[in-house]
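Please keep the sequence and the model in view while reading.

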Amino acid sequence: MKELYKTFVHNKRQEGLVQKAGEIANKVRKQSTINDLNADFSQDNVKIFQNEHYLSLTIPENYGGEGLSLYEFLLMQERLAMGDGPAALSVGWHLGILMELRDESLLERPIYKKLAEEVATSQVLVNRAASEPATGSPTRGGVPETTAHYENGHYIISGRKTFTTMASVLDYAIINAFIPELDEVGWFFTPLDLKGVKVDKTWDTLGMRGTGSHDLVLEDVKVPEDYFVERKDEQPKGPKGWLLHIPACYLGIALAASQDAIEFAKNFQPNSLDTPISEVAHIQQKIGEMELKLTQARHFMYSIARQWDEQPEKRPSLSSSLGAVKTTATNTANEVVDLAMRIAGGRGLSKSYPFEKYYRDVRAGLHNPPMDDMVLTMLAKEAIGRLEGNDKDN
């Protein structure tokens with residue numbers, strides 16, 4: 001397994017982080033089948049991450065975390081996803097949100113400072129809850145139907161949030177809602193043990209079932225005034241590097257599928273052949289295709305992550321590159337898993353092998369933000385703008 005990371009690990013710290021992620025990957029893999037059947041994120045997984053202090057990795061060291069860089073974060077998440085993609089994607093949202101709060105200096109706010117300290121000491125879980133049945137993905141710009149009415153020093157929140165990853169095990173959610181009194185959208189820090197909060201177990205999907213992304217229902221939930229933590233109009237507008245945890249996850253799934261397909265090919269020998277199928281030309285061609293695709297996508301992802309870490313002054317101009325990484329990685333991951341399925345043949349459809357789960361899980365990456373059409377439009381506009389700029393210079 002070290003060979004897979006030899007190119008991308010540059011120091012002892014990174015080597016240790018990848019090793020730690022690999023050890024956790026082996027543990028969560030054991031929970032994978034039951035979580036897939038139950039379509040939920042299990043308490044057993046929560047305990048694994050808590051015991052390994054994985055949930056505080058991206059908060060600053062002075063808060064009790066490890067202060068992971070984006071590059072280090074992706075190394076760990078990709079390796080973790082090789083054990084179980086849904087577990088990696090789920091915890092990636094938690095860690096990514098904490099990284100966002102850190103990098104955008106929001107941890108200085110009292111509520112978020114308290115959250116970071118509690119993550120470090122008690123390994124609590126948090127996620128944002130933004131998607132809704134009517135608005136779809138928040139990246140499309142819809143106004144939430146969830147409302148927060150001000151009343152006597154509190155906000156009363158009511159609404160329904162969809163795709164709330166790890167909903168049944170979260171301790172906190174950061175929820176967006178429309179505030180009629182202010183005619184604006186805000187974000188509210190919401191403990192999920194408050195009266196009026198419930199989880200509607202609606203998650204019944206083809207893939208990524210183990211994320212337990214159920215609906216979060218809020219019925220007249222009363223939160224203190226100071227739990228109004230962010231205004232939409234005041235949120236930083238720049239790119240969010242932490243979202244690269246999404247492509248890292250799907251490349252991890254593809255790496256696992258590739259390794260399992262190669263192992264299968266080395267050990268499967270039908271009685272019509274004198275050698276394992278790994279010696280057959282068209283199988284080697286597929287293995288070569290998998291390696292080429294993964295090499296291209298991984299180099300692209302890690303090069304952008306290094307640029308994000310090492311040249312922070314250039315971050316505002318990285319939106320299109322970050323989107324391109326996501327589109328490239330998730331589409332590549334689907335292509336690699338498809339090739340792995342072709343190598344395994346009909347056995348790849350059997351529940352006795354992991355390939356059918358890889359195939360189901362990897363499809364979900366196409367529906368995580370940003371969507372391919374938005375990325376391609378952004379790239380097109382940049383290309384057209386460059387050409388127009390050149391015309392003016394000439």
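**A walk through the chain**

Lys266 is found in helix H6. The model in which this residue is viewed is a predicted one. When its neighbours within four places in sequence are left aside, Lys266 is in contact with Pro276 and Ser278.

Ser105 itself is placed in the loop between helix H4 (85–103) and helix H5 (110–122). With a relative accessible area of 40%, Ser105 is partly exposed. Its backbone will be taken up again below.

From these two points one may turn to the chain as a whole. Its secondary structure comes to 10 helices and 8 strands. The radius of gyration is 22 Å, close to the 21 Å that the globule rule gives for 394 residues, so the chain is as compact as a globular protein of that length. Along the principal axes, the C-alpha atoms fill a box of roughly 80 × 65 × 40 Å. Of the 394 residues, 52% count as buried. Among the contacts with a separation of 6 or more, 75% are made by residues 24 or more positions apart.

H3 has 14 residues and reaches 21 Å from its first C-alpha to its last, close to the 20 Å expected at 1.5 Å a residue. Because 14 of the 14 residues of H3 are buried, this helix is largely enclosed by the rest of the structure.

The strands may be followed through S7 (residues 214–224), which pairs with S3 in the antiparallel sense over 8 bridges. In this pairing, Arg160 stands opposite Val217 in S7. Strand S6 (residues 197–200) is also joined to S7, by 4 bridges, and these two strands run antiparallel. Here Val197 has Leu218 of S7 as its bridge partner.

The aromatic side chains come next. A pair of aromatic rings is described by the distance of the centres and the angle of the planes. A search of the whole structure finds 17 aromatic pairs. In one of them, the rings of Tyr155 and Phe228 have their centres 5.6 Å apart and their planes at 75°, so the pair is edge-to-face. Tyr155 lies in strand S3 (residues 154–164) and Phe228 in strand S8 (residues 228–231), so this pair ties together parts that are 73 residues apart in sequence. Tyr155 counts as buried because its relative accessibility is 7%. Phe228, at 16% relative accessibility, counts as buried as well.

Another pair brings the reader back to the helix that holds Lys266. The rings of Phe264 and Phe355 have their centres 6.4 Å apart and their planes at 85°, so this pair is edge-to-face. Phe264 lies in helix H6 (residues 245–267) and Phe355 in helix H9 (residues 355–363); the pair therefore ties together parts that are 91 residues apart in sequence. Phe264 is counted as buried at 10% relative accessibility, and Phe355 is buried with a relative accessible area of 2%. Both belong to one aromatic cluster, formed by Phe264, Phe268, Tyr353, Phe355 and Tyr358.

The final subject is the backbone. Most residues other than glycine have a negative phi, and most peptide bonds are trans. Against this background, which residues deserve a second look?

Ser105 has a phi near 60°, a positive value in a residue other than glycine. Asn152 likewise has a positive phi, near 50°. Asn152 lies in the loop between strand S2 (147–151) and S3. Its relative accessible area is 71%, so Asn152 is exposed. Lastly, a cis peptide bond joins Pro369 and Pro370, with omega about -10°. Pro370 lies in the loop between H9 and helix H10 (372–393).

Key: Residues are numbered from 1 along each chain as its sequence is written. This is a predicted model: local features need pLDDT of at least 70, side-chain atom pairs count only at pLDDT 80 or more; totals for chains, interfaces and linings use all residues. Side-chain values use heavy atoms; hydrogens and water are left out. Rings of Phe, Tyr and Trp (its six-membered ring) pair if their centres lie within 6.5 Å; planes under 30 degrees apart count as stacked, over 60 as edge-to-face and the rest as tilted. Buried means under 20% relative accessible area, exposed over 50%, partly exposed in between (1.4 Å probe, protein chains only). The expected span of a helix is 1.5 Å times one less than its number of residues. Two strands pair if DSSP finds at least two bridges between them. Contact means heavy atoms within 4.5 Å. The radius of gyration is taken over C-alpha atoms; the globule rule is 2.2 Å times the number of residues to the power 0.38.
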